[in-house]
Amino acid sequence: MNHLVTVLYILAFGMFILGLSGLTGPKTAVRGNWIAATGMGVAVVATLLSVRDTAATNWILIAAGLAIGVILGVPPAKKTKMTAMPQLVALFNGVGGGTVALIAWAEFIETDGFAYFTPEQNPTVALVVGSLFAAIIGSVSFWGSLVAFLKLQESIPKTIEKALVKSASVFQIANVVLLLGAVATAVYIGLNAGVGNATWTIVAVLVLAGLMGLFVVFPIGGADMPVVISLLNALTGLSAAAAGVALNNTAMIVAGMIVGASGSILTNLMAKAMNRSIPAIVFGSFGADGGVAAATGGDQGSVKATSAADAAIQLAYANQVIVVPGYGLAVAQAQHAVKEMAGLLDAKGVDVKYAIHPVAGRMPGHMNVLLAEADVEYDAMKEMDDINGEFNRTDVTIVIGANDVTNPAARNDPSSPIHGMPILNVDESRSVIVLKRSMSSGYAGIENPLFLLNHTSMLFGDAKKSVSDVIDELKAL
């Protein structure tokens, strides 16, 4: 039976890696998810087989835990709209980190404060160090993810959120104190592992780490949120791997390291896409002062409103059109309407492409997922580095709810909070049409001088309705 467990674990690990490789593109993402999920099912079965003869195994609690997990996990995953997917990812990620922290706490209680591993055996270094590391990182991930969820859900009042962002320096000092306190308490527990520890010590570690998780994410600005979600995801993976070391569970070690490594790589790639270091993101934020960037670079003018009819004429007689999706497209659920509009333009001989910024939306790959849901061809979705050279020979660029990733102040204005962040060169197009509900600033709280350029026109209203109106006008031409 032990050999069977080993074989099942190896099979599960192979499915994890194969599933992860499928997430590199929309065409294979669904299949990759199913493969990885099946692999996790195999790992669960292997783990249950490995503890089948353990006297302390409570099969009723295991069955109850599995049932509760399915009941709580499946409905929101099926019913959550794509607009709320970043919040769901943050919440599920937080649950993972919280679970790891609870496992560490349970191990502390079961071994009487790490006084013994079994009644006849002292605790191993792996158990003590792994549990304490998992307790700290898991708690940070859990509470930090909850704050990220609330920010993405926009449940925190704007006045409070602005006050939190402006207090970044205070939180930075507090985080140093909390980290030192959590590590010092963990070291104290480790040094006293052979004689047992009072319950308050592990509670202190969890509380200090939890406060640090809150204080790390409190001052993070909206533009940095996709990177923060990726970073918290990596932390959850590392904490799970540490818990696996403590429990001597190979599945947790491998799965945790895969999540931790892939999350770390993604975090680094997204930070580079914003021309920001990870420490700068964690210890600072965009739009902290709600500053207004001046319109520099290009001819300044005033805001010019346009109509669906005028927009349709511009689009119909263009040779090349680039669509720049943003969170506004997700909110309006306009991806299917955009796909229909692109089909009409394609029938008129217009070349339509989609420009995807790495941090557009509220989580990594948000726009790719939305467009893939509408059956937009993967080859038509162009990453920033591949599409930026196309704008200066594009007749019309239509920006749908994207604000910060098209802001020329990042390139032209050294005083702008986002100066240096790579953006889509939308302002280089011959004509720009921006679909927005109003002239309000983007999620980073920074105004966009693109809207004031002479060759930019604004089509105000709900993105889905605006695109539908353009579709009607295109059909009438």
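Is Leu179 buried, exposed or partly exposed? At 37% relative accessibility, Leu179 counts as partly exposed. Here buried means under 20% relative accessible area, exposed over 50%, and partly exposed in between (1.4 Å probe, protein chains only).

This is a predicted model: local features need pLDDT of at least 70, side-chain atom pairs count only at pLDDT 80 or more, and totals for chains, interfaces and linings use all residues. Residues are numbered from 1 along each chain as its sequence is written, and side-chain values use heavy atoms, with hydrogens and water left out.

**Confidence.** pLDDT is the predictor's confidence in each residue, from 0 to 100. Its mean over the chain is 86, and 92% of residues reach 70 or more. Helix 11 (residues 278-282) has the lowest confidence, at a mean of 73, while strand 1 (residues 320-325) has the highest, at 96. Over residues 286-298 the pLDDT is below 50. Beyond near neighbours in sequence, that stretch still has 38 contacts in the model (heavy atoms within 4.5 Å). Helices (H or I, at least four residues) and strands (E, at least two) are DSSP runs, numbered from the N terminus.

**Helix 9.** This helix covers residues 225-247. The expected span is 1.5 Å times one less than the number of residues. For the 23 residues of helix 9 that gives 33 Å, and the end C-alpha atoms are 33 Å apart, so the two agree. Helix 9 is mostly covered, with 17 of its 23 residues buried. Asn248 follows helix 9 and has a positive phi, near 60 degrees.

**Surface patch.** Leu179 lies in helix 7 (residues 168-191). With Val183, Val187 and Leu191, Leu179 makes a nonpolar surface patch of about 360 Å². Patch residues have over 30% relative accessible area and no salt bridge; nonpolar side chains are joined within 5 Å. A salt bridge is a side-chain nitrogen of Lys or Arg within 4 Å of a carboxyl oxygen of Asp or Glu. An α-helix has 3.6 residues a turn, so residues three or four places apart point the same way.

Most residues other than glycine have a negative phi. Two exceptions follow.

**Helix 16.** Asp385 lies in helix 16 (residues 384-387). At 70% relative accessibility, Asp385 counts as exposed. Asp385 and Ile356 are 29 residues apart in sequence, and 9.5 Å apart in space, C-alpha to C-alpha.

Methods:
Patches are made of residues with over 30% relative accessible area and no salt bridge: like charges are joined within 9 Å, nonpolar side chains (Val, Leu, Ile, Met, Phe, Trp, Tyr) within 5 Å. Accessible areas come from the Shrake-Rupley method with a 1.4 Å probe; for residues, only the protein chains shown count as cover.
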